[in-house]
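Okay, everyone, thanks for coming.

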Amino acid sequence: MEQDKLSNAILVLSCQKRDELAFRELVNRWEPRLYYYLRRLVENENDVWDILQETWLAVFQNIRKLQDPLKFPTWLYRISHNKAVNLLRKENKYVQITDEQMADYCQNNNTVLAAKEQTELVHELLGKLKLAHREVLTLYFIEGFSINEMAQIIGVSGGTVKSRLYYAKHKLHEALKGANHV
Amino acid sequence: MSEANSKKEFAENLLAQDPPSADKQQRYKEALLKKIEHRMCLQKAVIVAIYIVIFLAAFGAFMLREYTDNVVHSICWGAVSLHILLWFLIYFLRGIYMLTAGISEKNSGKDEKQRWKKQDRFITIVAILVFAYASTILYCSFFLNDPLKAAHLAASIFWATVFFLFWYPFGTASLLAKLWLEYKKMELNIPKSEEQNLKRQDK
């Protein structure tokens, strides 16, 4: 894991010096994850490809401004989140959840353990969650981002992320229970 | 370790549920890399164009010195060509200084980084002000009638330029020396720790 982070940071540093091969490697490395994340936010596949392209062009344009190469994943997801939200806002599909009540955050490990055994089911159930819940859960499952990192990506407070993650895990847990009973 | 591995495995399995189609991925990647290549070429072209324009401007000023009949103008055009070339050299030296500082900065603490940033900002602002002031003086000297006075004025502006011509190379040299010392320190520390490890193993 640490090695991954380090090699990523080296790639970012090379990109900052305009190394084309490093940029190619960075795209190859992050594209599948970014694609999966964006697919959970945007329905149309062509739109996803457009957002991906815009994201990478923005990365290329602004990578020199990134002070800490270790923060590249958060920065990358933040850019793609903003691009996706802009598109969804244009289509009036983006609804920011603000009326959620703050819940005590608890690590619902049972849900996570159950989810790990049933990837296919989790993938299906993710599609049935609300967009905001789906987003935090995708970020949590794919990258294992911390609350603060997710808050930076989505542009909301840490409390809101905690609350969303709690609800998302709770709903996933219920859905998994239901599916297992059937 | 196993938890991290299982998390990674789970993420990979989840990604495998909705992989991008190979055909589209290939097409999109080619288009993206072409765009990036174009942008890179454009950036390089812009930089080369700026360099050429600066050199042409300096050379043009130098040629004007040859063709003018007015002695004051001849002196001033000569000073203009030198003024452009020297400030371009300062800009280039600043680039090298910043590059070295960027490498050395990574090992320093937050306070030191901020102090360095403040100092750099101050020097840059002073350099811009000096450049503007020198350019104004040079412009004014064109309207003088006495060639001796014009020569004195044109020569005086280079004192400030010389300061920056010294500042940046010396700054780069001191940063390089600092980096070299740190490297040497590291080199001296490595055998020590290795020695300690060997002693521990012997015990």
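So, chain A has nine helices and zero strands, where helices (H or I, at least four residues) and strands (E, at least two) are DSSP runs numbered from the N terminus. Keep in mind that this is a predicted model, where local features need pLDDT of at least 70, side-chain atom pairs count only at pLDDT 80 or more, and totals for chains, interfaces and linings use all residues. Residues are numbered from 1 along each chain as its sequence is written, and chains are lettered from A and ligands numbered from 1 in the order in which they are written.

Of the 182 residues in chain A, 36% are buried, meaning 20 or more other C-beta atoms, placed from the backbone, lie within 10 Å of the residue's own.

Now look at helix 3 of chain A, residues 45-62. Which of its residues are buried? They are A:Val48, A:Trp49, A:Ile51, A:Leu52, A:Thr55, A:Trp56, A:Val59 and A:Phe60. Their cover includes helix 2 (20-41) and helix 4 (72-90) of chain A, along with helix 2 (22-67) of chain B.

Over to chain B. The axes of helix 3 (residues 71-105) and helix 4 (residues 110-141) of chain B come within 11 Å and cross at roughly 175°; axes are lines fitted to C-alpha atoms, for helices over the stretch in contact, with angles from 0 to 180 degrees between N-to-C directions. That makes helix 3 of chain B roughly antiparallel to helix 4 of chain B, a label for angles over 145 degrees.

How values were computed:
The expected span of a helix is 1.5 Å times one less than its number of residues. A residue is buried if 20 or more other C-beta atoms lie within 10 Å of its own, exposed if 12 or fewer, and partly exposed in between; C-beta atoms are placed from the backbone. Two residues are in contact if their C-beta atoms, placed from the backbone, lie within 7 Å. Angles under 35 degrees count as roughly parallel, over 145 as roughly antiparallel, 65 to 115 as roughly perpendicular and the rest as oblique.
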